[in-house]
Every structure is written in structure tokens, then in C-alpha cells.
Amino acid sequence: MTWLVPLLVLVPLLGAAVALGLLRHQKLQRAITVVVLVVALAVAATLMVLVDRHGTIVVQVGGWDAPYGISLVVDRLSALLLTVSASVLLLVLLFSIGQGLAADDEDAPVTIFYPTYLVLAAGVLDSFIAGDLFNLYVAFEMLLVASYVLITLGGSEQRVRAGTTYIVTSLIASAIFLAAIGLVYGATGTVNIAQISERVAGLPEHVQLLLHTMLLIGFGIKAAVFPLAFWLPDSYPTAPAPVTAVFAGLLTKVGIYAIIRLETVIFPRPQLNTVLLVVAALTMLVGVLGAVSQTDVKRLLSFTLISHIGFMVMGVGLGTVAGTAAAVFYTVHHIVVQTTLFLVSGLMERVGGTTSTRSLGGLLKAAPLLAALYLIPAFNLGGIPPFSGFIGKLGLFRAAAEDGSPMAYVTIGAGVVTSLLTLYALMRVWDAAFWRPKPAAEAAAPHATTAEPHAHLRSPEPAPLTVSEETGEAFHPGGSVTVTDAPHASRASRPTTGAADVAGEAPSRTRLPKMLVGVTTVAVLGSVALTVVAGPLYGYATRAAESLESPDRYVQAVLGGDAR
């Protein structure tokens, strides 16, 4: 079944090429993109089962044996992240279709969304199967090119400015990574990860430290760890909600994946473990302190994204099977839950016309389903029992306690504080947006959107709402579910004041496409499912960690011999 592995990259790239050739046929583009991601998900899930049963799968591209050729490697960690990533990519695509990201507009840049999204998918999936550092670098560059296009969709000044910050920072990280690859090759004579693992132990200590540090800095920028995360809060919130969701869920986790590989296979010795624990504690605290000071939901979630990266780095820094297993489990949890929260924020923005908590209000009465969709993943991210966030954090804290070092206990304290402040920040949003009545000034004025909340690729007007002459309700003609106060209603077609807009009352009722709310509901249910399958999932993560903490298995699988 080794032939399945290259399909994870080939199918999205071929799909992108076909979609690019169908610029005037957006329905076909849409269908091709959905089919490609369904195929990728099926392949990833199949590989996850095969790898767990039979061991690591290695493909030597072109028949060239390692280390001379390109190695594609799928072990338990790769297979798990491939499956979760393909699921998230598919869900976010469906959400973007429902929201109107790919509206029926024949002009660019609408038509480049689908091929660009597939290139992004290819980059993410290639990152998880790369068996050499240069292939990993190529995957990172695919991500960079595609993400820059997606983050600047619409061409507004705000998005271009944010995209510029993002791409400059990413290019710096890429330059550091590329320089590190050159130094690794000069020192070891190879860029194959398995062979580097064999040869690096024979290098002088100071050379190992230099190579280790450079690679860690490059990956740390990608993962957004402190103090290398300054770029993220200003870049992600300006993008359309689905784009922000897939960025938050996956792009930083590519960096975390690279750090896990670096610390378990390339440099398995505890050379920088204490440094990683310090970085983890600072990332948690600085990120969550930034979150509690925010009044914009997207910026708040961006800061919580940074803070919870610290939990994953904490597990890696412990350098034990228990720590790595907890880090792998928490990575899966965070991909799903953080993506879900950003999708929910997109619905809040569409309903309330803004993501500013100063302007939102009254959504609990107006949209109780939306309130539930927010509250469940918020509790999960905050670590409330029995959700997967609590299980992952408990695993990390137990692993740190078993380590017993002073720095391990410091990270436990930082983790507890971060969890409490995360819950506090998310509940403040709940209070402001859902529980509190809508502010009088906002209720009496047309809704001003922030960060272009309709999130269309070139910011076109979405499909107009129709106003019922009998009920006064605005609705989409194509079938919908009732939510509230959509910001896209024509200003001429709905009153800006009146009984339904008085402060303290629910906003005027509107409707959203069923697909939009349906996909978000599936994402929330997926986050809950992590709790239901926590036992088997944690067991899988533990088996993955056992393989990672025994790098000889990886080396044998790639360079020769069987590994389990």
C-alpha cells in the first residue's frame, strides 16, 4: 500500500492544476476541490490504520534508495496528523462555500481561491510525510506562497499590510531554516532525517548546539512560540474567518510537528530541554495575558492560539514518552478546537456585524444555537472536565510531575494559570456577546463591520436578503436556519432603529444558509467526539510517542529493516 503515500501530495497538486484551468467554471472548481480533499482524507485514514497495525511506511521516490533519493515517511505521528488535517481542511472548505467565500463571481481573485487552497493542502500534507529536511523546506514554501494569497484575498489595505508582515516573518524563518539545512549538510553530508540522526552524535558538542538552535529558531517562528510569535495576532484576524480558521488550526501545528521531529529523531539527547520548558512557560503566560486584554474576538483567539502552543512545547521539552504522548494528544485537540472557535467567530461576525465585544450583545436570546456552538469549544479550550482539553492538560501535568525538576513544576504552574485565564477571557466574550443586552448606541446605528466580516475573496456584496412584507424578517431565498442580525442585509431594506433594535432586546431576526451552521455544528461535535474517543486516541498517541522516543525505529524503517 506504499502507493497511497504520494497521493497525499500528488492529488491536491493535480487538483489545483485542474481547478486553475477551470477559472470560468466555479461550480466545477468547487466540486473538484471537495472531491480531492475527500480522497485525501480517505487515504490518510487508511494509512493511519495500516501504520498502527504494520508499522512505518516508507516510499523511496523514483526507486532511489535513501539517503540518495527523496524519502516519504508515514509513521503513527504523521498518519494521525494527516487524518486530522485532511478533516479540518475539508470542513473549512465547506464552511467557506456556505459563507460565500467562493461566490458566483467570474472575476479574479475569486477564481484563484480553490487552486490556492489545494496548494495549501498539499503543503500541509507534504510537511507531515517529508523524510528529509529539504523536502520539508519545499513543503514550507508551498505553505508560504498559498497562505500569502489567502491572507490577502480581497486586496484591502488592512489585509495587504497584515500579509506583508506575515510573509516577511515567514521569509526570515525560511532563510534561517535554509541556512541551517546548508550547515547540516556541510556537517553530516546528508539532509535525510534518518541519516542525520545517525551521524549527528559524532559531531562536536558546539556544532550540535549551533545546528540544533538554528533549526529550533526556524521551526519556532512557524509554530509561533515566545518570543517569535509577535507576527501572529496582527496577521490572522484580518483574514476571512475560514482562512483564519485553517491557519490557526494547521499552520502553527506544522511548526510543532517539525519541533517534535527535531527533538525526538534528529537531536534525541536532552540538549535544549530546559530551554524548551522555559519557552513553553513564557509562551503560555505571555499569550494568555495578551488574550485577556483584547476586546476583539478574533484577536483574543489569536492570543489564545499562541498561549496553547506552549502546552505542546511543554510536552516536547519534558523529553519523555509520557510528555510526548500528551503533546501529541493535545496537538490533535488544539487543531480541532481552535479551528472550531474561529469558525464560530465567523458566524458571530456575520450575525452581529462585528467581532468587537464592545458592539456585540443580546445574541443568547437572538441565536441560542450559536450560543451553544460557542460555549462548548470554549469550555473545551479552557480545560473544563470532562472535555479533551482537560484530558490533554492532565496528561501534560502528570508527565511534568513525574519529571520532578523545578522547571517542570514551574510549567505546571504556568499551565494552570493559563487555563484559568483562558476560561476567564472566553467567558468575558460570552458575557459581552451573548448574555449582555446589545449596547444602545450600536442597536440604534447600522452595523459597522471590522476586518471585512463578509469575508469574500474580493469582498463582493453577498447574495441580497429578501425582506418579508408580512413578518419584516430578512432571509436568504435559498433555504436557511434562523439566526440573527446578519450584517450583510441591505441597509436600505431593513430599519436601523425600531422595536427590534432597542437596547436590551434581541436583534432583528435574519437567516443564514443551513450549510454554514451545519458545518460549524459538525466541527463542534467533532471537538466533543475527541472526549468520547479520548481513551483510544490517547493510546494511539502513546504508541506514537514510544516510537518517537526510540529513534532507531525510524532510522531502521528509512535506511533499511522493519520498524514497528
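## Salt bridges and a surface patch

Arg 261 and Asp 75 join their side chains in a salt bridge, 2.7 Å from N to O. The term stands for a side-chain nitrogen of Lys or Arg within 4 Å of a carboxyl oxygen of Asp or Glu. Arg 261 lies in helix H10 (residues 241–266) and Asp 75 in the loop between strand S2 (71–74) and helix H3 (76–99), so the pair ties together parts that are 186 residues apart in sequence. Helices (H or I, at least four residues) and strands (E, at least two) are DSSP runs, numbered from the N terminus.

A word on the source: this is a predicted model, where local features need pLDDT of at least 70, side-chain atom pairs count only at pLDDT 80 or more, and totals for chains, interfaces and linings use all residues. Residues are numbered from 1 along each chain as its sequence is written, and side-chain values use heavy atoms, leaving out hydrogens and water.

By this rule there are six salt bridges, among them these:

| Pair | N to O distance |
|---|---|
| Arg 261 and Asp 75 | 2.7 Å |
| Glu 205 and Arg 269 | 3.3 Å |
| Glu 349 and Lys 298 | 3.3 Å |

Glu 349 in helix H13 (residues 321–352) and Lys 298 in helix H12 (residues 297–318) are 51 residues apart.

How buried are the partners? Buried means under 20% relative accessible area, exposed over 50%, and partly exposed in between (1.4 Å probe, protein chains only). Arg 261 is buried at 5%, and Asp 75 is buried at 7%. Glu 349 and Lys 298 are buried too, whereas Glu 205 is partly exposed at 42%.

Finally, Asp 52, Arg 76 and Arg 543 are linked in a salt-bridge network.
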